[in-house]
2 protein chains.
Amino acid sequence: MPDGTIEQKKGRKFDQVLAGARQVFLSDGFDGASVDDIARAAGVSKATLYSYFPDKRFLFMQMAKTECQRQAETTLEAVDIAAPIETVLRDIASQMVNFITSEFGQRIFRICVGESDRFPELGREFYESGPKMVRDRMVDVFHLAIERGELQIDDVTLAADQFHELCKADLFPRMVFSMASEFTEAEKMRVVDGAVDVFMARYGV
Amino acid sequence: MPDGTIEQKKGRKFDQVLAGARQVFLSDGFDGASVDDIARAAGVSKATLYSYFPDKRFLFMQMAKTECQRQAETTLEAVDIAAPIETVLRDIASQMVNFITSEFGQRIFRICVGESDRFPELGREFYESGPKMVRDRMVDVFHLAIERGELQIDDVTLAADQFHELCKADLFPRMVFSMASEFTEAEKMRVVDGAVDVFMARYGV
DNA sequence: TTCTGTATAAACTGATCAGTTCACTTCGAG
DNA sequence: CTCGAAGTGAACTGATCAGTTTATACAGAA
């Protein structure tokens, strides 16, 4: 105990349970997932599962939080801020579009939306570690570009939200309402370019 | 039978059942709603309910379709197309924002999103009678404005989708993830004005 | 009056599922 | 070698719920 693993709350199967939960919740939704299925997917007995998590809701929340954090970390990292603002925006837009149209993005969104009436904490958690983080990151980028005289923005947070929304045009509703599940590069490009164009027309110098 | 009511598929309690379904589904979601509750809310026996609708899913679909149509009819009607395009856009944006932030808009969206994995028809139905109709209507407006030399748009449907998305900035994520349930007029105005500004900067002559 | 179609209440079936309990195993530390 | 913590599997409880059935009521039309 003097060294090593302080990180984990409890025994060795904790991560296993979370992985099983991830798999089953993501493919079946909250109500659709049965605890027996999760235990089976995790390769763990139900009793063990319940020794780690007090109930199904809690397990779900924990899973969702973990997943969101992981996602937020990998997104918006590989953007070259030194490049001209149009390039930066195009990169960011691409990443957003890719996330929105990804299997994972779609599923986690679906569950959070559907369930955040019954447990609002979930929605809030997701917002904080998802859209909120993206917005903050964008605001930073904008400030930099403003300093460099590339952009002129009065309401920076609004601009960030607008950009984010612009990246959803067409794709998002079609995705979310099961009109399409995959998109061609051309379809994505159309939206990305459109978003950058509109944004620059208003906020470019 | 020579005159009168051809419209209804079956007997007198049909609408009652639908009304009960509307009430319970909208407040409890699909899984949350029990058929017994619906029958009770409708003031109808369960047997009667099942004589009208083959099962719960079908009842739900029917309710959602009906509601969407009703909503689509009342929205985007009282817009004065003769007015200058900026005014027209502002009116439309206001209506969109009001719908997005409405109790009903939020609930129906939540259910459709959460459930359209399990029955994709629902999502499609909603898309066709919701976003799609709005888009078509907007495209008409744009064409008119282009003819009048007020707008210049290459990809008209993309522009319509962009405008729609711009109206969701900030408000929509906060609403959907339970960060807020009501908004001040000022908050709404900020988004409406922002949307029109951005849109006109790109597509205005 | 009688027949028919629509309605009802209430009991019932069959299934699912969250969460608990229990008797038993495994394995590492002292 | 033994103790105890962590894990297992299977049975069990209690509850909910979709959908069915049955026996009954009541209307208007023939």
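Predicted model: local features only at pLDDT ≥ 70, side-chain atom pairs only at ≥ 80, totals over all residues.
Residues are numbered from 1 along each chain as its sequence is written, chains are lettered from A and ligands numbered from 1 in the order in which they are written, and side-chain values use heavy atoms, with hydrogens and water left out.

**View 1. The fold of chain A.** Chain A has 11 helices and 0 strands; helices (H or I, at least four residues) and strands (E, at least two) are DSSP runs, numbered from the N terminus. Along the sequence the pattern is α-α-α-α-α-α-α-α-α-α-α. Taken along the principal axes, the C-alpha atoms of chain A fill a box of roughly 60 × 50 × 30 Å. Chain A is divided into domain 1 (1-53) and domain 2 (67-203), with bounds that come from an automatic or database domain assignment.

**View 2. The contact between the two domains of chain A.** The C-alpha centres of domain 1 and domain 2 of chain A lie 31 Å apart. Domain 1 of chain A brings 7 residues to the contact and domain 2 of chain A brings 9, where contact means heavy atoms within 4.5 Å. About 640 Å² is buried between these domains, and carbon and sulfur atoms give 61% of this area. Buried area is the accessible area (1.4 Å probe) that two parts lose on being put together, summed over both. Of the area that domain 1 of chain A buries against domain 2 of chain A, 75% is supplied by A:Arg22, A:Leu26 and A:Phe30, more than by any other three residues.

View 3. Between domain 1 and domain 2 of chain A the count is 1 salt bridge, defined as a side-chain nitrogen of Lys or Arg within 4 Å of a carboxyl oxygen of Asp or Glu. A:Arg22 and A:Glu67 meet through their side chains in a salt bridge (2.5 Å, N to O). Across the interface of the two domains of chain A, 2 residue pairs are in polar contact (both at pLDDT 80 or more). A polar contact is a pair of N or O atoms within 3.5 Å; within protein, one must be able to donate a hydrogen and the other to accept it, and residues adjacent in sequence count only if both atoms are side-chain atoms. The side of domain 1 of chain A that touches domain 2 of chain A has 3 nonpolar, 2 polar and 2 charged residues. Ala, Val, Leu, Ile, Met, Phe, Trp, Tyr, Cys and Pro count as nonpolar, Asp, Glu, Lys and Arg as charged, and the others, Gly among them, as polar.

**View 4. The interface of chain A and chain B.** In this interface, 43 residues of chain B are in contact with 43 residues of chain A. The two chains bury about 3,800 Å² between them, 63% of it on carbon and sulfur atoms. The count between chain B and chain A is 6 salt bridges. The side chains of A:Arg202 and B:Asp197 meet in a salt bridge at 3.8 Å, N to O. Chain B and chain A also have 18 residue pairs in polar contact (both at pLDDT 80 or more). On the side of chain B that touches chain A, helix 11 of chain B gives the most, with 8 residues. By class, this side of chain B has 19 nonpolar, 8 polar and 16 charged residues.

View 5. Sugar and phosphate account for 67% of the atoms of DNA strand C that come within 4 Å of the protein. A residue is near a strand if one of its heavy atoms lies within 4 Å of it. A polar backbone atom of A:Val35 is 2.9 Å from a phosphate oxygen of DNA strand C. In A:Tyr50, a polar side-chain atom lies 3.0 Å from a phosphate oxygen of DNA strand C. Helix 3 (46-52) of chain A and helix 3 (46-52) of chain B each supply at least two residues of the surface near DNA strand C.

**View 6. The surroundings of DNA strand D.** A polar side-chain atom of A:Thr48 lies 2.6 Å from a phosphate oxygen of DNA strand D. For B:Lys56, an N or O atom in the side chain is 2.8 Å from a phosphate oxygen of DNA strand D.
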